[in-house]
Amino acid sequence: MNNNKRPDIDEYFLRIAAVVAERATCLRHHVGAVAVRNKHILSTGYNGAPAGTKDCLELGCLRDELKIPSGTRHEICRGIHAEQNVIIQASLHGVSIEGATIYATHSPCVLCAKMLCNARIKRYVTYGKYADETFNELFREAGITYEVKDHPSGKITFLP
């Protein structure tokens, strides 16, 4: 008897976002994001310091030292959010994410939501929650569908 269940497309890309998050260098949250259109990965991103600079794994977390609550005072952090890196990586490689779905491990902060609105994404799918919920109104106004799914399985099934 075969107990293997093929993940649906949303679970598949959410699992990929979770793997992308493993590259994060933030000490507070490991966040991953994947931009997808027509079942094709356009770009990926995780949260961490700008390329070529020291990250929080090396320097420690200034936000923790200053006791800044999650979801506030983003300018104090040297990290770039996963959604910002999805947009940046697509841009660096000449790929439009217009009409794409973003699969992410967390809901977006309001700053990322503004950028995603301007990038003209159509859908945002996540299984996790970030402390900032002010993105909701922006997404509604911009016509971006927001969906929360169950946390995907971390188990990879290999055929014998």
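## Helix 1

Helix 1 covers residues 9-21, which makes 13 residues, and spans 19 Å from its first C-alpha to its last. That is close to the 18 Å expected at 1.5 Å a residue, where the expected span is 1.5 Å times one less than the number of residues. Helices (H or I, at least four residues) and strands (E, at least two) are DSSP runs, numbered from the N terminus.

This is a predicted model, in which local features need pLDDT of at least 70, side-chain atom pairs count only at pLDDT 80 or more, and totals for chains, interfaces and linings use all residues. Residues are numbered from 1 along each chain as its sequence is written, and side-chain values use heavy atoms, without hydrogens and water.

At the start of helix 1, a side-chain oxygen of D8 comes to within 3.1 Å of the backbone nitrogen of D10.

Five strands make an open sheet with mixed pairing, in the order 2-1-3-4-5. Strand 2 and strand 5 are the edge strands, each pairing on one side only. Two strands pair if DSSP finds at least two bridges between them.

Strand 1 pairs with strand 3 in the antiparallel sense, over four bridges. V36 has T101 in strand 3 as its bridge partner.

## Helix against sheet

Methods:
Polar contact = N/O pair within 3.5 Å; in protein donor to acceptor, adjacent residues only side chain to side chain.
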